[in-house]
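Welcome to this guided tour. Open your viewer, get your selection tool ready, and follow along one stop at a time.

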Amino acid sequence: MERGQFITFEGGEGTGKTTQAERLADTLNAMGYETLLTREPGGTFGAEAIRDLVLSGTQDRWSGMTELLLMYAARIDHVEKLIRPALERGVWVISDRFADSSMAYQGYARELGKERVKAVHMAVMDGFEPDLTILFDLDPVLAMKRVEMRGEDLSRFDSETMAFHNTLREAFAEIARENTPRFEVLDASASREAVETRILYFLAQRYPMISEKLLDETG
Ligand code: TYD
């Protein structure tokens, strides 16, 4: 059986990636590709427990390094128990955030430094990488308006300063430049429909069989 594809969505807070991840999973399932939607930190029972630890509480609850190691502890469980077995069964996996978030948030925004995050990544991930990563790029001022409009409780990260969110945006842009073949960068200020179409276009460019299905649908 052909291995499934592993697609990750990355970006700052309030960029709309969660909604789009749901839409893409629905579309792929409707096309006949069994698709699993998951998220980080989280995705498995153990990783969701770590998620609660790392996202709640006060800003200074964890140091950057503790945060990084908690994220990777959650990630290892997620990859070993859920993602890798699904891909091997031929299932496509979409993850709302993955390792690039650790580089952007802990490496850049929490100032641990690229090299340390890379060292942890190399030590524990055994070369495992997404096949495609879609970066949702959006001005943090707009993004924070969206987060406020959602009216949910803010996580430890949502309530960071604007400087933190600006650093994150730059960080993700740099990570995308350094990993060009894996990344597609998306202008997340466009309408939901336009963003959804753009994502399908990225997939159609990479996967000829998806391009054929889209052409069939549009007649
Ligand atoms: P979530 O509420 O899912 O935010 P979003 O909707 O923006 O994805 O919370 C996940 C938070 O965890 C988010 O602020 C980013 C942060 N995070 C890290 O700091 N490092 C990581 O490795 C991951 C996966 C997430």
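**Stop one: helix 3 against helix 5**

Start by selecting Met65, Leu68, Leu69, Tyr72, Arg75, Ile76, Val79 and Arg84 in helix 3, which meet Arg116, Val117, Val120, His121, Val124 and Met125 in helix 5. Contact here means heavy atoms within 4.5 Å. By class, this contact holds ten nonpolar, one polar and three charged residues. Ala, Val, Leu, Ile, Met, Phe, Trp, Tyr, Cys and Pro count as nonpolar, Asp, Glu, Lys and Arg as charged, and the others, Gly among them, as polar.

Before moving on, a word on what you are viewing: this is a predicted model, in which local features need pLDDT of at least 70 and side-chain atom pairs count only at pLDDT 80 or more, while totals for chains, interfaces and linings use all residues. Residues are numbered from 1 along each chain as its sequence is written, and side-chain values use heavy atoms, with hydrogens and water left out.

Axes are lines fitted to C-alpha atoms, for helices over the stretch in contact, and angles run from 0 to 180 degrees between N-to-C directions.

**Stop two: Arg75**

Stay in helix 3 and select Arg75. Is Arg75 buried or exposed? Arg75 is buried, with a relative accessible area of 2% (buried means under 20%, exposed over 50%, partly exposed in between, with a 1.4 Å probe and protein chains only). Leaving aside neighbours within four places in sequence, Arg75 is in contact with Glu40, Phe98, Ala99, Ser102 and Met125.

**Stop three: helix 3 against helix 4**

Select Gly64, Glu67, Leu68, Met71, Tyr72 and Arg75 in helix 3, and you will find them meeting Ala99, Ser102 and Gln106 in helix 4. This contact has four nonpolar, three polar and two charged residues.

**Stop four: helix 1 against helix 8**

Bring up helix 1 (residues 17-30) and helix 8 (residues 192-206), which pack at an angle of about 55° with their axes 11 Å apart. These two helices are therefore oblique to each other. Where do they meet? Thr19, Gln20, Arg23, Leu24, Thr27 and Leu28 in helix 1 touch Arg192, Glu193, Val195, Glu196, Ile199, Leu200 and Leu203 in helix 8. The residues of this contact divide into six nonpolar, three polar and four charged.

**Stop five: Arg169**

Move to Arg169 in helix 7 (residues 162-178). Arg169 is partly exposed, with a relative accessible area of 30%. Not counting residues up to four places away in sequence, Arg169 touches Asp137, Leu138, Asp139 and Pro140.

**Last stop: the whole chain**

Finally, zoom out and colour by secondary structure to see nine helices and five strands; helices (H or I, at least four residues) and strands (E, at least two) are DSSP runs, numbered from the N terminus. Along its principal axes, the C-alpha trace spans about 55 × 35 × 30 Å. Of the 219 residues of the chain, 50% count as buried.

Note on methods:
Angles under 35 degrees count as roughly parallel, over 145 as roughly antiparallel, 65 to 115 as roughly perpendicular and the rest as oblique.
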